[in-house]
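Subject: Structure handover

Hello,

Here is the structure I promised to pass on. Please open it alongside this message; my notes follow below.

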Amino acid sequence: MSRPTPTALKRRLPSYSELRPLMNFATPTLNFKQRRLAKAASVWDLRDIARRLTPKAPFDYVDGAAEAEISLHRARTAYRDVQFHPGVLRDVSDADLSTTVFGERWSMPVGLAPTGFTRMMHSEGEYAGSAAAADAGVAFCLSTMGTASIEDVAGHAPDGTNWFQLYLWRDRERSRELIQRAWDNGFKTLLVTVDTAIAGARLRDVHNGMTIPPQLTLKTVVDAAYRPEWWFNFLTHEPLSFASISRHSGTVASLVDTMFDPSLTFDDLDWIREAWPGNLMCKGLQTVEDARRCIDHGADGVIVSNHGGRQLDRAPVPLHLLPKVREALGDQVTIGLDTGIMSGADVLAAVAQGADFTLVGRAYMYGLMAGGTAGVARMLEIMRAEMTRTIRLLGVNRLDELGPEHVSLSTDVPATGTWV
Ligand SMILES: Cc1cc2nc3c(=O)[nH]c(=O)nc-3n(C[C@H](O)[C@H](O)[C@H](O)COP(=O)(O)O)c2cc1C
């Protein structure tokens, strides 16, 4: 049967007054950085930009992990496999992501993890991290292997919540001087990294012949042709130097080996506790028993972490370990979590399972490589938007209303890695 064509389906020429409201030509901008950052809709997008702009060796130094990179794959997979259980028909018009850590207010439960050699990823390095964190109202951690001094970070972000991360040296007097400088400059929380008896084996760095600082070889000069912005920044800013160690030339592994002390034991925590008047967190806990021992030795809290999978490969998955650590330590102890977090929804899954806050290492580095300070700010903005959306879709307004009932974990350990 043939039907008459409805009026709405008859063709006709559009009038200007109909077209006008649809015309939305963006004003062209010459700010390429702002443009590329605005287009990034996830941390993974920032990673793509970072890979395009950064030479292979520094990009891989960030992106890679130890050995077959199974720890990192598993940590990320654990977030991917989370199942959320939302409540519906709740009034979520007033969502609030803020939290309090050691008496200081954070606007959301994610801080920037300590990273070494940061100015190699982008010459703004720790200046970008500390400024973007302060502007966003979250904490920034300066690494012992950072490439800006304690004083410079304190001067650049005096309004920020700045934390200091310590690799305890064999030379105790140098360690004492360092943490004294941190305290004198307003760093109130010390993270002692405890998962680095020796350096992990980062195979990408070996393959890339990665050195600190990067060497100008024929290969890197060719690379410069493709990544002019990075090389221009690198060559026209002050050379890399370290927050806490004198100049070093050599491979990453050789530098790291001069830093770490394989003879450290829990008794050394007593020394740090006595030397440090502020809040003390141990970073890199991978068993319930060790987390408890850190608290017994005077730590105020622990960070459940496997160092972003950069140390022991096939280590426990931090998100899976977290509920057990929370149960063992109780509600009063401050517990942070890192490794594998790539979105605001990941952060909320961790909070629901008992974390007071989380830290991001690579997500911060991807933002940095993608656009310096503006890139880190964009990363935090993306995470905040993701968290705001997720918490509302979960039917919750505040972080302390989130609980294990909102998230189930799939604790099977998947067989993934670079060789699987
Ligand atoms: C490039 C890079 C450098 C790092 N340097 C340090 C460091 O100097 N001290 C430290 O305690 N952890 C260091 N870490 C580990 C981070 O603090 C954090 O534990 C880890 O990145 C979290 O995992 P994620 O990258 O998946 O977020 C580094 C991580 C990266 C990616």
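A crossing is right-handed if the near helix is turned clockwise from the far one by less than a right angle, and left-handed if anticlockwise. In that sense, helix 17 makes a right-handed crossing with helix 18. Keep in mind that this is a predicted model.

Helix 17 on helix 18

Helix 17 covers residues 344–352. Its axis and that of helix 18 come within 7 Å and cross at roughly 55°. Angles under 35 degrees count as roughly parallel and 65 to 115 as roughly perpendicular, so helix 17 and helix 18 are oblique to each other. On the helix 17 side, Gly344, Ala345, Val347 and Leu348 make the contact. Helix 18 supplies Met383, Glu386, Met387, Thr390 and Ile391. By class, that contact has 6 nonpolar, 2 polar and 1 charged residues.

Helix 7 on helix 18

Helix 7 spans residues 125–136, and helix 18 spans residues 362–393. They pack at an angle of about 15°, with their axes 10 Å apart. Helix 7 is therefore roughly parallel to helix 18. This crossing is right-handed. Helix 7 brings Gly125, Glu126, Ala128, Gly129, Ala131, Ala132, Ala133 and Ala136 to the contact. They meet Tyr364, Leu368, Gly372, Thr373, Val376, Ala377, Leu380 and Arg384 of helix 18.

Helix 3 on helix 18

Helix 3 runs over residues 43–53. The axes of helix 3 and helix 18 come within 10 Å and cross at roughly 170°. That angle makes helix 3 roughly antiparallel to helix 18. Val43, Leu46, Arg47, Ile49, Ala50 and Leu53 of helix 3 take part. From helix 18 come Ala363, Tyr366, Gly367, Met369, Ala370, Gly375, Arg378, Met379, Ile382 and Met383. These residues divide into 12 nonpolar, 2 polar and 2 charged.

The ligand

Which residues come nearest to the ligand? Of the 22 around it, they are Pro114, Ser143, Thr193, Asp338 and Gly340.

- Glycine 116: a polar backbone atom is 3.0 Å from a nitrogen atom of the ligand.
- Histidine 307: a polar side-chain atom lies 3.3 Å from a nitrogen atom of the ligand.
- Glycine 361: a backbone N or O atom lies 2.9 Å from an oxygen atom of the ligand.

Best wishes

Methods. Residues are numbered from 1 along each chain as its sequence is written. This is a predicted model: local features need pLDDT of at least 70, side-chain atom pairs count only at pLDDT 80 or more; totals for chains, interfaces and linings use all residues. Side-chain values use heavy atoms; hydrogens and water are left out. Axes are lines fitted to C-alpha atoms, for helices over the stretch in contact, and angles run from 0 to 180 degrees between N-to-C directions. Helices (H or I, at least four residues) and strands (E, at least two) are DSSP runs, numbered from the N terminus. Angles under 35 degrees count as roughly parallel, over 145 as roughly antiparallel, 65 to 115 as roughly perpendicular and the rest as oblique. Contact means heavy atoms within 4.5 Å. A residue is near a molecule or strand if one of its heavy atoms lies within 4 Å of it. A polar contact is a pair of N or O atoms within 3.5 Å; within protein, one must be able to donate a hydrogen and the other to accept it, and residues adjacent in sequence count only if both atoms are side-chain atoms. Ala, Val, Leu, Ile, Met, Phe, Trp, Tyr, Cys and Pro count as nonpolar, Asp, Glu, Lys and Arg as charged, and the others, Gly among them, as polar.
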